[in-house]
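This report concerns a ligand site, a strand beside it in the account, and a nonpolar core. Please view the sequence and the structure below before reading on.

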Amino acid sequence: MSYVDEVIELVVKQNPGEPEFHQAVKEVLESLRAVIEQNEALYRKEALLERLCNPERQLKFRVPWVDDKGNVQVNTGYRVQFNSAIGPYKGGLRLHPSVNIGIIKFLGFEQIFKNSLTGLPIGGGKGGSDFNPKGKSDREVMAFCQSFMTELCKFIGADTDVPAGDIGTGAREIGYMFGQYKRIRGVYEGVLTGKGLSYGGSLARTEATGYGLLYLTHEMLQCNGFDIAGKTVAVSGSGNVAIYAIQKAQELGAKVVTASDSTGWVYDSEGIDVSLLKEIKEVRRDRLTEYVKERKSAQYHEGKGVWSVKCDIALPCATQNELDLEDAKTLVANSCIAVAEGANMPTTLEATEYLQKNKVLFAPGKAANAGGVATSALEMTQNSERLSWKFEEVDDKLKQIMIHIFHNMDDAAKEYGAEGNYVVGANIAGFKKVAEAMIAQGII
Ligand SMILES: NC(=O)C1=CN([C@@H]2O[C@H](COP(=O)(O)OP(=O)(O)OC[C@H]3O[C@@H](n4cnc5c(N)ncnc54)[C@H](O)[C@@H]3O)[C@@H](O)[C@H]2O)C=CC1
Ligand SMILES: O=C(O)CCC(=O)C(=O)O
């Protein structure tokens, strides 16, 4: 049996009931076959893949808090410190009822290669809780965040592990967590990113993941002879990534016609009104049903359906496995030319293969959405320097990083005989640096 197959089998056996983690490991290891075969003796001797797929540390803890009725609620908190070969653990915190250890491990594993691709010195980690911030009062969210950080603060620090936002964790949650960290640990340091501008946040971090997605998509299209201007784009989600992806796509001359949330989706024939979407989602924290009440050109549909809309470019920006084989077939039948993942692993393995076989340009999340964590690393740099850079300066660095990521994965795919396969390219480019650093640091 090949080394890759052996390790995939081992991961499935040692991590039962964690399908998302198995999926992420399979996707990465399968696409690394060419590099691994070249270096098999060394990697086997080092047990490199076994170590890579096993987190350095997994934390699971109780998070008790008191709701507005005076009842005690108990959630579970997680932090998976997956790999610190190239820098301190770095990755977001997801607050969503679906969170479990398998989901946090898949996200942490992806983060290792994504962070490596940015070219910046950040290792891979991820955390979160099954707490649902939706429908909670600000005081309840604060009570949860303070309790969560009371435990987590023992294990993180500006040079150790630097969490950030993800689904359900935005500026409000980061603020409450930062306050509690500072209060308990007594240090004012860049322990979290995505902070508010008044206490060490970076300009352009809010926009970074969505903008970065479009910078990379633009470069990918251009290098394949397409122009984004005039194209019709379908976006899923209506959170942080989706909103700024829609905004930048429209700035680049495309027309974005959809957005979605966990209950339904909207089609707007005149193009999504981003200001209205921001007001509803960021200010009022309301449902998408509100959008169609104020926008005559839009219709609301219950359930899934964004990928049934005819589009040239699809940008899944909501959550994992939201674009399946049937969706991929519909996109191909509708002559879609590109799919770029704003979310983490939104496309199933079967759907990815189908899109690639049918010559749809496919940019995997670990490359396409890396602008968020890259800008977080720029926030860490500013915090260390005790300086704040201008919006244009950060945005320009972000753009250069995304263009560099595209060419890095494009070159790696070519070098290993898989031209145009950006999944292979991204995984190989991300992996090589981490593997080299792990080997250099010995058996740890
Ligand atoms: N915020 C960031 O900087 C980064 C986020 N990501 C990924 O992007 C995705 C979106 O994250 P954010 O926009 O930050 O979160 P968010 O909480 O701001 O928005 C999430 C959006 O997805 C929708 N959603 C969640 N679960 C859903 C489901 N089961 N079906 C349909 N819609 C669903 C929500 O309604 C919301 O519109 C996630 O996969 C996240 O891991 C990736 C890189 C960086
Ligand atoms: O900004 C960060 O540190 C994390 C972003 C993140 O969670 C992700 O890239 O999925």
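The shell around ligand 2 comprises two nonpolar, seven polar and three charged residues; Ala, Val, Leu, Ile, Met, Phe, Trp, Tyr, Cys and Pro count as nonpolar, Asp, Glu, Lys and Arg as charged, and the others, Gly among them, as polar. The model is predicted: local features need pLDDT of at least 70 and side-chain atom pairs pLDDT 80 or more, whereas totals for chains, interfaces and linings use all residues. Residues are numbered from 1 along each chain as its sequence is written, and chains are lettered from A and ligands numbered from 1 in the order written.

Shell members, including K90, K114, D166, N344 and S376, have a C-beta atom, placed from the backbone, within 6 Å of the ligand. Strand 3 and helix 16 each give two or more residues to this shell. Helices (H or I, at least four residues) and strands (E, at least two) are DSSP runs, numbered from the N terminus.

| Element | Residues |
|---|---|
| Strand 3 | 89-95 |
| Helix 16 | 371-385 |
| Strand 4 | 123-129 |
| Helix 18 | 422-440 |

Seven of the seven residues of strand 3 are buried, so this strand is largely enclosed by the rest of the structure. Buried means that 20 or more other C-beta atoms, placed from the backbone, lie within 10 Å of a residue's own. Strand 3 runs parallel to strand 4, joined by five bridges; pairing requires at least two DSSP bridges.

The largest nonpolar core has 138 residues, among which L216, V235, A245 and A367 touch the most other members. Such a core joins buried Ala, Val, Leu, Ile, Met, Phe, Trp, Tyr and Cys residues through C-beta atoms within 7 Å. Helix 18 gives the most to this core, with ten residues.

How values were computed: Buried ≥ 20, exposed ≤ 12 C-beta atoms within 10 Å, placed from the backbone.
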